[in-house]
Amino acid sequence: MRQITFVEALNQALQEEMRRDPLVFIAGEDVGKMGGLFKVTQNLFDEFGPERVLDTPISEAAIAGLGVGGALVGTRPVIEFQFLDFVMIAMDQIVNHAAKLRYMTGGMVSVPLVARAPVSGGIGLGAQHSQSLEAWFAHVPGMKVVMPACPSDAKGLLKSAIRDDNPVLFLEHRRLYGQIGEVPEGDYLVPLGRAEVKRVGTDVTVVATGRTVPLSLAAAGKLAQEAIEIEVIDLRTLKPFDLETVLESVRKTSRAVVVNDGWRTCGYAAEIVASIQEECFYDLDTPVQRVCGGDTPMPVAAVLERAAMVSEDNVVASCRTVMSV
Amino acid sequence: MQANQVEESEVSPLECFRQMCLIRAFESEILVLNQQGLINGTAHLYIGMEAIAVGACAAMAECDFLTSTHRGHGHCIARGLDPRRMMAEILGRADGYCHGKGGSMHIADITKGVLGADGIVGGGIPIAVGAAYGLRMKKKSSVVFSFFGEGASNQGSFHEALNLSAIHRLPVVFICENNQWALSASFLETTAGGSVAKRAAAYGISAEDVDGNDVEAVFTAVARATTRARAGLGPSLVECQSYRWEGHSVFTRHEIRPQEEVELWKQRDPIERYRRKLLESRTSAAENLQKIEAEVRTDIAEAVEFAKNSSPPDGRSAFEDIFA
C-alpha cells in the first residue's frame with residue numbers, strides 16, 4: 001500500500017469526492033491558488049477551477065453562511081477555517097444555523113456541510129491559533145465532530161464526512177499533518193461514529209483523540225517494557241462517539257485513562273469519563289483518570305507550550321497511577 | 001450563465017391587495033390568540049409593513065428563494081405558504097410547518113423556496129448569499145431574496161455577505177425593511193450615515209430607497225433588482241421605509257416610541273393607501289375589495305380552526321430531527 005502524509009491523504013479525499021460529485025465545492029481563505037496554508041487543498045484549484053475551489057475574503061461568518069446556504073440548496077460545501085480559533089467569528093452560522101436548521105424546521109431541510117479546521121497547538125503559534133475547542137461543538141446537538149489520528153483515517157473519515165447529510169466539524173491536528181502512513185487508494189471510507197482499537201491490551205484502556213492517539217501508542221510501547229499492557233482506543237468521531245467500543249474495553253481492563261488535548265475543566269475528556277462511570281462503575285478497579293491540556297491559554301515559548309500540552313510522560317504517569325491502586 | 005426560462009413577473013393589483021389583507025388579518029388574529037394564552041412563546045408582528053413582503057414577493061419567480069427574519073409571517077404568506085399550517089406552527093401543533101419545533105420565528109417551506117425565518121438578526125443574510133452561490137453552481141437561474149431589518153445592517157454578517165455577493169456578482173436581492181426602530185433603539189440613534197441603501201454603494205452594489213408602504217413602488221424596485229440579478233449583473237439592495245404598528249413582539253409591553261409617530265405612520269397604512277389607489281384608478285370596485293376582505297376573514301377563521309383542531313406533537317418527537 002502507498003505511504004503518504006496526513007495532508008496528502010486529506011487532499012486525496014477532497015480530490016476523489018470532487019471528482020465523484022460535481023456539487024462538492026471548497027471555500028475558504030487561501031484554499032485556491034495557494035492550495036491552503038497547510039497545503040491540504042493543493043492542486044485542486046488547477047483541476048476544478050475557481051468556482052469549486054473558492055478563495056474567499058477574510059470573512060469567517062460569510063464563509064460559514066456560504067456553506068450553510070449552499071448546503072440548504074443541495075450542494076455539498078467543504079469550508080475551511082484556517083485555524084479553528086477563527087471559527088469564533090462564525091459561531092452564529094455554525095451553532096445557531098448549521099446545527100439547528102434541520103431541527104427547527106421539523107426535519108424539512110438538511111445541512112450537508114463539512115467545516116474543516118486545523119486544531120490545537122505544538123507549533124508555537126500562541127493563544128489565538130492553538131485552541132482545542134472540540135468540546136464546544138460536541139456539546140451542540142445537531143453537530144458531528146470528527147478528528148482523525150492517522151493518514152488512512154484522515155482520508156476515510158473526510159470522504160464519509162462529505163457524504164454525510166449533517167454538519168460535520170472536521171478537526172485536523174497540525175502536528176499530525178506530516179505524519180506518514182499507509183493509505184488505501186480509491187474509494188476508501190471510514191464510517192463516522194465508530195472508534196477503533198489501535199492497540200490491544202489487557203491492563204488499562206486509554207481513550208484518545210487526534211494527536212493524543214500516536215502519543216498514547218508511544219506511551220503504551222514504553223509501558224509494555226514494564227509489562228503493563230495498554231489498550232488504545234482512537235475515538236475518531238467525537239460526536240456521536242462510540243461508547244460501546246469504550247465500554248467493551250473498560251469491562252475487560254477495569255481501568256481507564258482518557259486523553260484529550262482540550263482544556264481539562266468542562267472538557268471533552270470529562271464526557272467520556274462520566275459515561276464510563278455511569279455505564280460500568282462496578283467493572284472499574286480504580287477511578288478513571290483524565291489527561292488533558294492545561295487550563296491555560298496556549299503560551300508561545302517552546303518550554304511553556306510543552307508544559308501546557310499533553311505529553312507522552314503524562315499518559316505514562318496516569319497509566320501507572322491507575323495500575324498502582 | 002445560461003438562463004433557464006423564467007416568466008417575467010407582473011403585479012396583480014387584486015392579488016396584492018388580498019395578500020396584504022391576509023397578512024393583516026393573520027397578524028391581528030395572533031394578537032387575539034396570544035391574549036387567550038394559546039401561544040407558547042412570542043411572535044413578532046408584521047402589521048404596518050405588509051406592502052414590503054407582498055411587493056417584493058410579487059417580483060419573485062417560482063424558482064426563487066428567500067431568507068426571512070424573526071418578523072417573518074408576512075414573507076411566508078406573500079410567498080404562498082398555507083396560513084393554516086403557519087397558524088398550527090405558531091400554536092405549537094403537529095400539523096405546523098415544523099411540527100411545533102420552530103414556532104413563529106422558524107417557519108420554513110423549502111418547496112416554496114422559503115429557507116426559513118430566523119431568530120438571529122442578520123443571520124439569514126450570509127445564508128442567502130450561500131444559497132445563491134449554490135444555485136448558480138447548479139446552473140439554476142434562481143434569485144435569492146434576503147429580507148432583513150435596518151438593525152441587521154449594523155451586524156458584521158451584513159457587511160461580510162454584501163462584500164462576498166458583490167465580488168462574485170451573485171443573484172441576490174437584499175431587501176432592507178427599515179421599520180425605524182429596533183426594540184427600543186431608533187434607526188438614527190444606532191446607524192451611522194442614516195441610510196442602509198447608501199451603505200451598498202461602498203460595495204459597488206446598486207441600491208434604491210423606496211416607500212415601503214407603497215406596494216407597487218416596492219414591486220417596481222425589487223423587480224428591477226431581480227431582472228439585474230437574473231441577467232448576471234449581480235446583487236442589489238432595496239431599502240423599504242416603513243413602520244411596525246405593534247410593539248417589537250407580543251411580549252413587549254413597554255412602548256418607548258412617541259405615540260404621535262406611531263399615529264402618523266398609521267395614517268400611511270399601506271392597505272388603505274392601496275385601496276384608495278385601486279378605487280381612484282377604477283382598477284377595482286369597492287364591492288370587489290370588500291369581497292376579498294370577506295374571503296380573507298374566512299381564510300383566517302379556517303386557519304385558526306385548523307390550528308386549534310390540530311393535535312400537539314407527541315412529546316417524544318422532541319428528540320427527533322436532530323440529525324438527518
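Let's start with the sheet in chain A. Five strands form an open sheet there, in the order β9-β11-β10-β13-β14. The pairing is mixed. Keep in mind that this is a predicted model.

Now the edges. β9, residues 196-199, and β14, residues 289-293, each have a single partner strand, so one side of each is left without a neighbour in the sheet. On average, neighbouring strands are turned by 25° against each other, direction ignored.

β9(A) pairs with β11(A), residues 230-234, in the antiparallel sense. Three bridges join these two strands. In one of the pairings, Val197(A) has Ile233(A) of β11(A) as its bridge partner.

Next, what packs on this sheet? Helix α8 of chain A, residues 212-224. The helix touches β9, β10, β11 and β13 of chain A. For finding them on screen, β10 is 204-208 and β13 is 256-263. The direction of α8(A) makes about 170° with that of β11(A).

Where is Gly92(B)? In the loop between α4 and α5 of chain B. Those helices span 83-90 and 124-137.

Is Gly92(B) buried or exposed? Gly92(B) has 22 C-beta neighbours inside 10 Å, and the cut-off for buried is 20 or more, so this residue counts as buried.

Who sits around the glycine? Leaving out residues up to four places away in sequence, Gly92(B) touches Asn40(B), Gly100(B), Gly103(B) and Pro312(B). Then there is Pro313(B). In sequence, Pro313(B) and Gly92(B) are 221 residues apart. In space, their C-alpha atoms are 7.6 Å apart.

Notes. Residues are numbered from 1 along each chain as its sequence is written. Chains are lettered from A and ligands numbered from 1 in the order in which they are written. This is a predicted model: local features need pLDDT of at least 70, side-chain atom pairs count only at pLDDT 80 or more; totals for chains, interfaces and linings use all residues. Two strands pair if DSSP finds at least two bridges between them. Helices (H or I, at least four residues) and strands (E, at least two) are DSSP runs, numbered from the N terminus. Axes are lines fitted to C-alpha atoms, for helices over the stretch in contact, and angles run from 0 to 180 degrees between N-to-C directions. Two residues are in contact if their C-beta atoms, placed from the backbone, lie within 7 Å. A residue is buried if 20 or more other C-beta atoms lie within 10 Å of its own, exposed if 12 or fewer, and partly exposed in between; C-beta atoms are placed from the backbone.
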